[in-house]
Amino acid sequence: MLSELHITDFALVHRLALEFGPGLNVLTGETGAGKSIIIDAIGSVLGERTGPEYIRSGSDRARVDATFFLEENGTSELSPNGDEEESLSPEAFAEEGLLLITRELSKSGRAGIRINGRPATLAMVKDVTGPLVDVHGQHEHQSLLAPEHHVAILDQWAGREAIRAGETVRAAYKQWNDLQRERSRLVTDEKERNRRLDLLRYQVEEIDAAKLQIGEEEELIADRTRLAGAEKLFASAAEAMAFLSEEERCATECIGVAVARLRDALQIDPDLQPILETVETSLYTLEEAVRDLSSYREGVEFNPERLAEVEERIDLLRSLKKKYGDTLEEILQHRDEAVAEIAGLEHAEERSQELDDAIASAYTELRNRCDTLSRFRREAAPGLETALMRELADLSMEKTKFKVEMTPVEPGPGGAERVEFLLSANPGEPLKPLAKVASGGELSRIMLSLKSLAAQAGGVPVMIFDEIDVGVGGRTGSALAAK
């Protein structure tokens, strides 16, 4: 149960501490006294989105604390979506049977919510408090006018097995629907698929025709530089040869004369031996360089045709890089990806047949799960009708007839039937949809009866009613208060 609620600087409330006892607790007051603020505060600690606008004027922060006492076997073993999630159950967070949820708001926009002092997300808090609290808002009874809400009420009455069956139906429908969508894309995109195949095949053929070699671009650029500068290279080598060995007074001749002079001087002064050896070494080195330079000069290639081929190859590589990648590696990677995509597209017909088989199988599974859910609903409907009419009789609607109408429909995420509540408020009147015959006061009483049945069935331990008596007065109001 909800045992304590502390509110600080929330909306118009400066400080408020409420203690609740077991059973019925009633908060009354004039219009504008702040009853709805308490409901909003409770909503904030239940994980509802609450912004800085709820901070009291003149304050920078607001805070709401709610303390729940978890009675033994008082909470559901299931999370709100019907799955076993012990990690998000109230008991998993409770300490000595107490669960404290704190919600803080800040004008800076930073907000925090904690469960027993541990930081949590709004989604976590909703999961934890879902089995604990059911809030009936001021206008919730209006939801009974929408038949799409009736099926959830019936499933809740039918129990956990029906809820689980509903989840398996939704899962089966999603699988069937996803397969259908994939199959539809294959059919719808056939022309686009053919266009894509043509493009990919062209790209692969273009890249394969180029016969790319990793590293060739650098070699081609070096070849182009040499071929384009062949004339200058030959002239430079020839001029160097002339200065070294061909011209009058060339380098080799001069050094040779120097060697001869040093040999003559060595006869007089032996100390010149090291210098002579150095100069002789220089002469040998220079003669070797002359031979190498001569070979280089003879090997300089004057080949305009080869230069044109290199230029053309470089232009091809640049063109491919503009289309498929910044490097040859990326171009080849694009080629491999295109080949893989082609294989996938070419097997689309096989995939189409696989999908047809999978769709048929998924539909059969959906149909079977819908049948199971329908059985739970059919078995539960008479009990809900009887129980609700009994509850309504306590609320001055003893002449009311109530029926759960189930109309078969194509299997969908909600099952294979449309559920709608029918009502006859007076003897002799035919059963008609609630939206056509129920007044505001009758809707309030029907909603309270449904909530009462949920409580009797061991539903959530805390039920909050905000103006459940809309449209009800007089003796009926007293009956409703007693209920």
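Residues are numbered from 1 along each chain as its sequence is written, and side-chain values use heavy atoms, with hydrogens and water left out. Because the model is predicted, local features need pLDDT of at least 70 and side-chain atom pairs count only at pLDDT 80 or more, whereas totals for chains, interfaces and linings use all residues.

Helices (H or I, at least four residues) and strands (E, at least two) are DSSP runs, numbered from the N terminus. Two strands are taken to pair if DSSP finds at least two bridges between them. Strand E1 (residues 2-10) is joined to strand E2 (residues 13-19) by 6 bridges, and the two run antiparallel. Thr8 stands opposite Arg15 in E2. E1 and E2 form a hairpin with 2 residues between them, and Ala11 in the turn has a positive phi of about 55°. E1 is also joined to strand E3 (residues 61-69), in antiparallel fashion, by 6 bridges. Across this pairing, Leu2 stands opposite Phe68 in E3, and Glu4 has Thr67 as its bridge partner. E3 in turn runs antiparallel to strand E4 (residues 98-106), with 9 bridges between them; here Ala66 stands opposite Ile101 in E4.

Val462 lies in strand E11 (residues 462-465). The C-alpha atoms of Val462 and Met1 are separated by 5.7 Å, although the two residues are 461 residues apart along the chain. Apart from its neighbours within four places in sequence, Val462 is in contact (heavy atoms within 4.5 Å) with Met1, Leu2, Leu132, Val133 and Asp134. Val462 is buried, with a relative accessible area of 9%; buried denotes under 20% relative accessible area and exposed over 50%, with partly exposed in between (1.4 Å probe, protein chains only).

A further, open sheet contains 3 strands in the order E8-E9-E10, with antiparallel pairing. Strand E8 (401-412) and strand E10 (432-433) stand at the edges with a single partner strand each, so one side of each is left without a neighbour in the sheet. E8 and strand E9 (residues 415-424) run antiparallel and are joined by 9 bridges, with Met406 having Val419 in E9 as its bridge partner. Helix H4 (residues 150-158) packs on the sheet and touches E8 and E9, its direction making about 95° with that of E9. Axes are lines fitted to C-alpha atoms, for helices over the stretch in contact, and angles run from 0 to 180 degrees between N-to-C directions.

Helix H6 (residues 190-210) and helix H12 (residues 328-346) pack at an angle of about 145°, their axes being 9 Å apart. The residues of this contact divide into 10 nonpolar, 2 polar and 7 charged, where Ala, Val, Leu, Ile, Met, Phe, Trp, Tyr, Cys and Pro count as nonpolar, Asp, Glu, Lys and Arg as charged, and the others, Gly among them, as polar. The contributors from H6 include Leu197, Leu200 and Val204, and those from H12 include Ile331, Ala338 and Ile342.

In helix H16 (residues 474-482), the buried residues are Thr476, Ala479 and Leu480. They lie on the same side of H16 because they cover an arc (that of the directions from the helix axis to the C-beta atoms) of only 100° around the axis. Helix H15 (440-456) is included in what covers these buried residues. The face of H16 turned away from its buried side carries the exposed residues Gly474, Arg475, Ala481 and Ala482.
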